[in-house]
Amino acid sequence: VRRDRSDDDRLDRIVHLVMRVGVGASGVLLALGLIGTLARPDWAASGALMTAGLIVLMATPVTRVAASIVEYSVERDWLFVALTSVVLVEIVGSVFAALVFHRRL
Amino acid sequence: MAVTPALTLWILAAGVVAGTFGATLGLGGGIFLVPFLHLALGLPITVAAAISLTTVIATSSSVTAARTGHRLINFRLGMTLEVATAAGSLAGGITAQLLSETTIRRLFAAFLAIVAVMMLRARNQQASFVAGNISSLLGIGGGVLKVPVLNAWCDVPLRAAAATSAFMIGVTASGGAIIYYGNGQIVPALAAAAVLGVQAGSWLGLRFGGHASNTALKLVMAAVMLIVAVVMTASGRP
C-alpha cells in the first residue's frame, strides 16, 4: 500500500469537513430531540429530530466514502476509486439487508 | 420496551462513564456500554449492541475530525482494509438478526474474556474481517482488535494505528447500525442519550483522564470485564 501523497492533503481536508459537519449536525439534532422528549413527552417533533440526527450520524461515514471516490477520481487513482467503490457497495449491501429485515423502513 | 425519562437518563450517565473510561484506555467504550445496557438496564443484547454501534460512529467521526491535519491517518491503508471490515460488518449485522440472544450474549462474554486477557498480556493478531464481523455482531468498534493488527502486521506506529483504526471504525459501525436500524432495534431516544453521553465522556476522558498507559486502571478494567463475562455467560435473561 502506497503511503500518503501530497494529493491526500486535499482528501484530509474533505474528510475533516465531512466529519465536523456530520458530528455537529447530528449532535445538535439529537440534543434538541432528547431535551424535547424529556421536557415535553407529547411533543411529536422530538422523535423526528432524533431520527434525523441518527440518519445524519449513520450517513456521515458513508458520505466520507462517497467523497473519497470522487476525490480519487479527480486524482485519476483508479485503484483507489475501485477499492473505495467496493466499500460503498458493501454499505449499500447493508441498506439492502436492512430492507430485508425491515420493521421500520 | 417502555422509554421512560429515568431509563434515558441512566443511559446518558452510562454513556458518560463508558466514554470516559474508553477515552482513557484508548478504546471507544462499547465494550463497557453493551454489558451495562444489557445486564444493568435489562435491554435485549441486540438493542444494547445497536445503541452502542451508534455511539461508535459518533466517536469515530469526532476522533477522525480531530486527527485530520496531523498526518496521523493513513487513508490509503485505512480504505484498503475497509474493504474487509465493511464486508465483515455486513456479515455480522445479518448474523446478529439470525442468532439467538443467548448465543450473542455468550459470544460477547467470550469476547470480553479475550479482551481482558489481551489487556493483561501484550498484543494479539486478528484479521480485519473478524474485526468488522465482531463489531457489527456485538456492537463494539473493534479498535481493540484493529490497533494491534495495524501496529504489528502493517508496520504502522501505534499513534498512527490508533488514528487509522478510529477512521475505519465509522464505516464498520455504520454498516452494522443501518441493519439494526432497519430492524427497529435502534430506539431513537435511547440512542440519542447514549451518543451524547459517550461524546461528553470521551471529551472528559481526553481532557482529564491522562493516557492509555495506566497499568492500574487496565488491571481493574480487565478484572471487571472477566467478572462481567462470567455473569453474562451465567445470566438467564432472554
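## Chain A: burial and fold

Of the 105 residues in chain A, 41% are buried, where buried means under 20% relative accessible area, exposed over 50%, and partly exposed in between, with a 1.4 Å probe and protein chains only. This is a predicted model, in which local features need pLDDT of at least 70 and side-chain atom pairs count only at pLDDT 80 or more, while totals for chains, interfaces and linings use all residues. Residues are numbered from 1 along each chain as its sequence is written, chains are lettered from A and ligands numbered from 1 in the order in which they are written, and side-chain values use heavy atoms, with hydrogens and water left out.

Chain A has three helices and zero strands, taking helices (H or I, at least four residues) and strands (E, at least two) as DSSP runs numbered from the N terminus. The radius of gyration of chain A is 18 Å, well over the 13 Å that the globule rule gives for 105 residues, so chain A is more spread out than a compact globule; the radius is taken over C-alpha atoms, and the rule is 2.2 Å times the number of residues to the power 0.38. The C-alpha trace of chain A spans about 55 × 30 × 20 Å along its principal axes.

Chain B comprises 10 helices and zero strands, and buried residues account for 60% of its 238 residues. Among contacts (heavy atoms within 4.5 Å) in chain B between residues at least 6 apart in sequence, 82% join residues at least 24 apart; the corresponding value for chain A is 55%.

## Salt bridges

Over all chains there are five salt bridges, each defined as a side-chain nitrogen of Lys or Arg within 4 Å of a carboxyl oxygen of Asp or Glu. One of them pairs Arg40(A) with Asp42(A) at 4.0 Å, N to O; Arg40(A) is partly exposed at 48% relative accessible area, and Asp42(A) is exposed at 63%.

Glu82(B) forms a salt bridge with Arg64(A), their closest N and O atoms being 2.7 Å apart, and this pair crosses between chains, from helix H4 (residues 75-98) of chain B to helix H2 (residues 44-74) of chain A. Glu82(B) is buried, with a relative accessible area of 1%, and Arg64(A) is buried with a value of 1%.

Glu75(A) and Arg76(B) meet in a salt bridge of 3.2 Å, N to O. Glu75(A) lies in the loop between H2 and helix H3 (78-100) of chain A and Arg76(B) in helix H4 of chain B, so the pair joins two chains. Salt bridges that share partners join Glu75(A), Asp77(A) and Arg76(B) into one network.
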